[in-house]
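Dear colleague,

I am passing on the structure below, together with some notes on what was found in it. Please read them with the model open beside you.

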Amino acid sequence: MHCVRKIVEDLYWVGGNDSRLALFENIHPIPRGVSYNSYLLLDEKTVLFDTVDWSICRQFLENIHEVLGDRTLDYLVVNHVEPDHAAGIEELILRYPDMKIICSNKAYLFMGQFGFNVDGRVIEVKDKDAMSFGKHNLIFMSAPMVHWPEVMVTFDTTNGVLFSADAFGAFGSLDGKLFKDEINFDSNWIDDTRRYYTNIVGKYGPHVQALLKKASSLDIKIICPLHGPVWRDDLEYLLDKYNKWSIYEPEEKGVMIVYGTMYGNTESAAYNLATRLVEKGMTNVVMYDVSKTHVSYLISDTFKYSNLVLASVTYNLNIYPPMLDYIMDMKALNLQKRKVAIIENGSWAPKSGKLMREHLDGMKEMTILDNEVSINSTMKEHDIDSMNDLADSIIQSIK
Ligand code: FEO
């Protein structure tokens, strides 16, 4: 059954939701599912903005048919070729054989790589090229690495709608509520918006900054991303979040303690530190067991908080493997500008502290606190002073 929403005059959401998928990109858990957004413009010509993942293609085709009625589809704008948005292209060609595809040169190449036969129907556009479809005039703007190299965004100068590709997206199915003003964003969506950004686009901060600069010259009224809610109010809030995330500025002064523990002794030391921090007045403390928390959640909160504590047992004379995975992901995503404290544990040869410090030293603008706590198997009375000093040092670094 078709399921569509009107965005604004002439424009309809014709996407869908997949709540059965467990892992986005087969990596990131999405317990609330994900939406694949696509938008259909009815002007003198009909224009579709991106397609959807194969998993919801049937729903998508019913939606397009419902909105088009007796009309045909004249144009498909491909802002992004990743298969979660491009899987429906060949199905559309079968149903609308005269459809033209508007895309960047790299998008054309990528469609060929994925095996789509689009020859003879592609209109290549460059940065700032414009086209009119009747009442609506579109400007195409390149947005490389947000989040693939072929990406562009499209701006409708007639109604101020920005089709933003992956930018400004979120994990989570849209349970009937399409617009950000229909949901409780701060309670239910901010965490999955941050987790989506940081894990999918987080590595490409400078490219996101370039896109934000381009966007600042536009009179944007509505943001239509490829995942998650559509924004028609409070755009400054979202733009401010994107600005912070893309320059790797923390959102909050607070301490995130991530611990890797085998038998609970490193965990006990981590709790000891957390308690001291709270007693000294820093109540914005969150704790994660690195073995029990998917790294995508860790990355998301690492972008959120100003201070990080890594507490790791030594394992085979190395960093505890789940902790090493987390650190490597931080490096891969280009995380910067955090203040980090270290606690190591080891029963006969504590090494994890030195090794974590070496990894952190290789990252940009990371401040590693000089105080470090090294415990042997369990935290003892003689470790209290150094743990207390570490807590003081963290508090001092936050001021
Ligand atoms: Fe939602 Fe980069 O694809």
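Helix 1, which covers residues 57-68, has 12 residues and reaches 16 Å from its first C-alpha to its last, close to the 16 Å expected at 1.5 Å a residue; please bear in mind throughout that this is a predicted model. The buried residues of helix 1 are C57, F60, L61, N63, I64, V67 and L68. Seen down the axis of helix 1, these buried residues fall within an arc of 160°, so they line one face of the helix. An α-helix has 3.6 residues a turn, so residues three or four places apart point the same way. The cover over the buried residues of helix 1 includes strand 2 (11-13), strand 7 (39-42), strand 8 (46-49) and helix 3 (89-95), whereas R58 and H65, on the other side of helix 1, are exposed. Just after helix 1, G69 takes a positive phi of about 60°.

Strand 17 (residues 252-260) is mostly covered, with seven of its nine residues buried. Strand 17 pairs in the parallel sense with strand 19 (residues 305-315) over seven bridges, and M256 stands opposite L308 in strand 19. Strand 17 also runs parallel to strand 18 (residues 285-289), to which five bridges join it, and here Y259 stands opposite D289. Together with helix 9 (residues 265-279), strand 17 and strand 18 make a right-handed β-α-β unit.

With best wishes

Notes. Residues are numbered from 1 along each chain as its sequence is written. This is a predicted model: local features need pLDDT of at least 70, side-chain atom pairs count only at pLDDT 80 or more; totals for chains, interfaces and linings use all residues. Side-chain values use heavy atoms; hydrogens and water are left out. Helices (H or I, at least four residues) and strands (E, at least two) are DSSP runs, numbered from the N terminus. The expected span of a helix is 1.5 Å times one less than its number of residues. Buried means under 20% relative accessible area, exposed over 50%, partly exposed in between (1.4 Å probe, protein chains only). The arc is that of the directions from the helix axis to the C-beta atoms. Contact means heavy atoms within 4.5 Å. Two strands pair if DSSP finds at least two bridges between them. A crossover is right-handed if, with the strands pointing away from the viewer, the path from the first strand over the helix to the second runs clockwise.
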